[in-house]
Amino acid sequence: MEEMVVEEIQELLEKENDKALKQYLDQLNISDVEELIDELPQYAAKFIETLSLNRAVNVFRILDFPTQERIIKKLSGNKLNQIIKDLPPDDRTALFSELKGDVVKKMITLLPPEERKESLALLGYKEDSIGRLMTPDYIAVKPEWSISRVLAHIRRYGKNSETIDVVYVIDKEGVLLDDIRIREVLLADPEAIIGELTDKRFIALKANDPQEDAINIFRMNNRVALPVVDENNILLGIVTVDDILWIANEEYTEDMHKIGGTEALDEPYLDIPILKLVKKRAGWLIILFLGEMLTATAMQHFEIELEKAVVLSLFIPLIMSSGGNSGSQASTLIIQAMALGEVTIAEWWRVMRRELVSGALLGIILGTIGFVRIVTWQELHLYNYGPHWFLIATTIFFTLVGIVLWGSLIGSMMPIILKKLKLDPATSSAPFVATMVDVTGIVIYFSVAVLILKGVLL
């Protein structure tokens with residue numbers, strides 16, 4: 001949003017020139033009005049109130065929930081009633097699911113009986129189910145209809161449909177028989193029967209399936225909308241790609257928060273109260289801190305070895321970070337691959353085999369660098385590792401091979417195990433994997449040290 005536009009809008013607001021403000025807002029794109037609300041949030045309700053109903057609805061539906069909530073509190077009853085009534089059913093359901101129960105009840109009573117029934121039906125599905133995303137506004141036709149009748153039906157009811165790109169063929173029981181793209185209908189002979197165009201090869205979503213499944217199906221198929229059916233294959237509604245993009249963005253944001261070792265934020269970062277933000281972050285930090293305390297316990301177990309060979313303590317940060325980094329890398333790669341549908345639970349063995357090979361090679365690379373570093377510092381007299389420096393270098397080499405391999409295996413298997421347990425793979429975040437590998441890394445380090453240095457330094 002250009003600074004000059006914002007200044008002109010502010011000037012009109014100060015002069016309380018509502019007529020000029022409406023004319024100015026009507027010249028802006030919907031996305032520009034959204035940016036204007038971000039720039040001047042204190043006037044959000046004023047902008048929505050000033051806009052024509054159709055533009056107000058289109059702006060309101062693309063705003064984030066905290067902004068919608070602030071607008072609802074300030075908007076006049078009449079304008080609010082009109083906006084709620086004109087919102088698409090899926091957007092209305094998404095709004096109602098975020099609002100408090102008493103507010104939802106009040107708003108539902110404002111709706112006409114038919115739309116009230118639609119909203120209550122959509123709210124009856126689980127929060128993260130595909131049913132919450134669907135809209136009952138679609139074009140459905142019977143298989144015995146002629147193309148000319150289908151086109152007449154589209155002209156009559158298409159205006160109220162979410163999309164007319166696809167026509168759905170259903171039988172007298174409401175069972176979905178096929179979906180046909182409008183292009184095929186337009187190019188067909190007007191006297192032909194629509195049922196002759198069907199091949200019954202269609203993709204449908206199940207109303208009670210998780211929304212994540214819909215994201216993957218849309219990703220694999222080039223469609224603007226997909227039908228939603230129940231267990232008996234009866235057509236209930238459709239889900240459009242704009243809703244899927246919105247949900248995909250929310251899923252991505254949630255996964256990023258979890259990968260970073262925090263609970264998902266349900267509000268924009270700058271809007272969330274500090275205490276709530278601390279609460280979201282404190283839980284995971286406490287868990288990770290308690291996990292790291294096990295590292296201290298493991299080091300106490302090897303206290304005698306440390307006293308005998310203090311030089312080993314120099315490499316503890318190197319060892320721990322290498323294992324944690326390799327585990328975090330593998331975890332992030334597998335979480336992303338699972339999200340894209342590239343890896344399934346059934347392919348765990350293929351993943352393990354690949355990580356065994358890649359982990360071993362990465363370990364050899366880092367181990368070689370660690371070995372060369374010790375040899376170089378010793379030979380150039382930059383640091384004296386003692387008379388047994390070669391054995392120390394060998395210890396570091398084999399430890400790095402072992403811990404990087406172990407980190408890769410833990411990082412790659414953890415998301416798959418969590419998915420198998422019906423948990424979110426993103427929970428196996430980088431900090432969580434790093435903490436696990438830190439604890440076991442100490443055990444691997446000193447176990448290798450005892451094997452190589454026993455009778456020499458230990």
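**A colleague's note on the model**

1. Let me start with the second largest pocket, which has 22 lining residues; those nearest its centre are Asp86, Pro88, Asp137, Lys159 and Asn160. Please keep in mind that this is a predicted model. The volume of the second largest pocket comes to about 550 Å³.

2. What is the make-up of this lining by residue class? The lining of the second largest pocket has 10 charged, 6 polar and 6 nonpolar residues.

3. Which helices contribute to the lining? At least two residues each come from H5, H7, H8 and helix H10 (113-123). H5 provides the largest share of the lining of the second largest pocket, with 4 residues.

4. H5 also has an inward side worth a look. Its buried residues are Arg55, Ala56, Val57, Val59 and Phe60. The buried residues of H5 pack against H2, H3, H4, H6, H7 and H8.

5. Next, the nonpolar cores. The largest one holds 35 residues, and the members that touch the most others are Ile9 and Phe47. At least two residues of this core come from each of helix H1 (3-15), helix H2 (18-27), helix H3 (30-39), helix H4 (44-50), helix H5 (53-60), helix H6 (65-74), helix H7 (77-86) and helix H8 (89-98). H1 gives the most to this core, namely 5 residues.

6. What does Ile9 touch, leaving aside residues up to four places away in sequence? The list is Leu21, Tyr24, Leu25, Leu36, Leu40 and Phe47.

7. On to the annotated stretches. The unreviewed UniProt entry carries the annotation "transmembrane region" for residues 356-377, 389-418 and 430-453. In the model, residues 356-377 are 100% helix and 0% strand, with their end C-alpha atoms 31 Å apart. Residues 389-418 are likewise 100% helix and 0% strand, and the end C-alpha atoms of this span lie 43 Å apart.

8. Finally, a look at Lys454, found in the segment after helix H20 (430-453). Is Lys454 buried or exposed? Lys454 counts as exposed because its relative accessible area is 65%, and the cut-off for exposed is over 50%. Between Lys454 and Val175 there are 75 Å in space, C-alpha to C-alpha, and the two are 279 residues apart in sequence.

Technical notes. Residues numbered from 1 in each chain as written. Predicted model: local features only at pLDDT ≥ 70, side-chain atom pairs only at ≥ 80, totals over all residues. Heavy atoms only, no water. UniProt positions renumbered as here; feature names shortened; annotations may be inferred. Core = buried A, V, L, I, M, F, W, Y, C linked by side-chain atoms within 4.5 Å. Buried < 20%, exposed > 50% of the residue type's maximum accessible area, 1.4 Å probe, protein only. Contact = heavy atoms within 4.5 Å. 1 Å grid on protein atoms, 1.4 Å probe; cavity = no way out; pocket = protein on both sides within 12 Å on 5 of 7 lines; lining within 4 Å. Points joined across faces, edges and corners; volume = space filled by probe spheres on them. Nonpolar A, V, L, I, M, F, W, Y, C, P; charged D, E, K, R; others polar.
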